[in-house]
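Here is a short tour for anyone meeting this structure for the first time. Have a look at the sequence and the model, then read on.

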Amino acid sequence: ASRVMVASRNYADFANEATFEIKKCDLHRLEEGPSTTAVLTREEGLHYYKTMQTIRRMELKSDQLYKQKIIRGFCHLYDGQEACCVGLEVAIKPTDHVITAYRAHGFTYARGVPVRAILAELTGRKGGCAKGKGGSMHMYTKNFYGGNGIVGAQVPLGAGIALACKYFGKNEVCLTLYGDGAANQGQIFETFNMAALWKLPCIFICENNRYGMGTSVERAAASTDYYKRGDFIPGLRVDGMDVLCVREATKFATEYCRAGKGPILMELQTYRYHGHSMSDPGISYRTREEIQEVRSKSDPITLLKDRMINHNLASIEELKEIDVAVRKEIEEAAQFATTDPEPPLEELGHHIYFNEPPFEVRGPNQWIKYKSVN
């Protein structure tokens, strides 16, 4: 009881909120942009910190499980980019829509999928969020459409989701994400054209982490001003390492779309600490010193932590307690993901079509038949 009293007395000493100056966004075809000040409440700060720390630890655990050959196949990790998915998610409504590329674990968690369901999906178990069938690139939940393996292919799908929002008269938006490596795909420019013609409530978001696979943006693109690439579509260039910058820019973009003005483009300047995928050591095309410099100067979790402590929104001890709780959650999730059974072979035929009567599906050979069920 005395411990609880001390804790509550300490918490009463914290500020309820603080106001921060944030980096101004670069603008394209916009007369004004997002606010350059952001209010952060203590409750919001703790939530952002825990969410980003959970994603960071989840990705580090995924790295470990992959190296132990428990996770197989493709695996693209998100550590370093946590401010992007968290800043985007906290600025939209649960009824809004998100579709992204294959670096999808952080978005899956931010959209509400538990860590254990994400790790179990990575290890191909029944308890995975796609029942063990999707793996690293194909995770889904309500109003979240994956994780897509074909470079840039999710962008026209995102415009289609935005078209559905407009068609059904819902005041919803679709966040459609792609990387700098996909930014030169022709289908993206075709989609920009249709979205602008039909004034779709679509926020196109380029996560520019400076390298598409092993190629720097300067070597891959004649113009690295990705926020201007929509030409006739207004754009913002945002500090993607600052969760408050991302949040404020996303609020601005959603208001723009909900007002019926059509699509808008955001470029989030961010950085990945791991290689492109687990098969990429990530240091053949960039130096260890470059990675360390970003970690020391621009880490999104450290930036938020320093702000909260310096403005009396939290204590070092309190944030350490969150770190301990997050580590415990990740370890328990990993234990589940390595002991949960794999789906039975019959499930190969399940979930082929939605809302269709069962039908036979040929198995590995012509004599084996499975029943397809929803």
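A residue is called buried when its relative accessible area is under 20%, exposed when that area is over 50%, and partly exposed in between (1.4 Å probe, protein chains only). Helices (H or I, at least four residues) and strands (E, at least two) are DSSP runs, numbered from the N terminus. Keep in mind that this is a predicted model, where local features need pLDDT of at least 70 and side-chain atom pairs count only at pLDDT 80 or more, while totals for chains, interfaces and linings use all residues. Residues are numbered from 1 along each chain as its sequence is written, and side-chain values use heavy atoms, with hydrogens and water left out.

The buried ones are Val115, Ala117, Ile118, Leu119, Ala120, Glu121 and Leu122. What does the covering? Helix 2 (42-67), helix 4 (105-110) and helix 12 are among the elements that cover the buried residues of helix 5.

Helix 12 spans residues 316-339 and holds Glu332. Glu332 sits 216 residues from Arg116 in sequence, yet their C-alpha atoms are 7.8 Å apart in space.

**Strands side by side**

Now for the strands, where two count as paired if DSSP finds at least two bridges between them. Strand 10 (residues 264-269) is mostly covered too, with five of its six residues buried. It runs parallel to strand 6 (residues 202-208), and six bridges join the two; here Phe204 has Leu265 of strand 10 as its bridge partner. Strand 9 (residues 235-239) also pairs with strand 10 in the parallel sense, over five bridges, and Leu236 stands opposite Met266. To get from strand 9 to strand 10, the chain passes through helix 9 (residues 243-258) in a right-handed β-α-β crossover. Right-handed means that, with the strands pointing away from the viewer, the path from the first strand over the helix to the second runs clockwise.

Thr176 belongs to strand 5 (residues 174-179). Contact here means heavy atoms within 4.5 Å. Setting aside neighbours within four places in sequence, Thr176 touches several residues, including Ile99, Gln154, Cys202 and Phe204.

**Cysteines and a few accessibilities**

How many disulfides does the whole structure have? The search finds zero, a disulfide being a pair of cysteine sulfur atoms within 2.5 Å. Cys85, for one, is in no disulfide, and its nearest cysteine sulfur, that of Cys84, is 7.3 Å away. The sulfur of Cys257 has its closest cysteine sulfur in Cys202, and because the gap is 7.2 Å, that is too far for a bond.

| Residue | Relative accessible area | Class |
|---|---|---|
| Thr176 | 0% | buried |
| Cys85 | 1% | buried |
| Cys257 | 5% | buried |
| Glu332 | 45% | partly exposed |

**The wider layout**

Zooming out, the domain assignment gives domain 1 (19-275 + 288-343) and domain 2 (346-373); such bounds come from an automatic or database domain assignment. The centres of domain 1 and domain 2, taken over C-alpha atoms, are 35 Å apart.

UniProt, in an unreviewed entry, lists residues 51-345 as "domain: Dehydrogenase E1 component". UniProt positions are given in the numbering used here, feature names are shortened, and annotations may be inferred rather than shown by experiment. Residues 51-345 are 45% helix and 11% strand, and the end C-alpha atoms of that span lie 35 Å apart.
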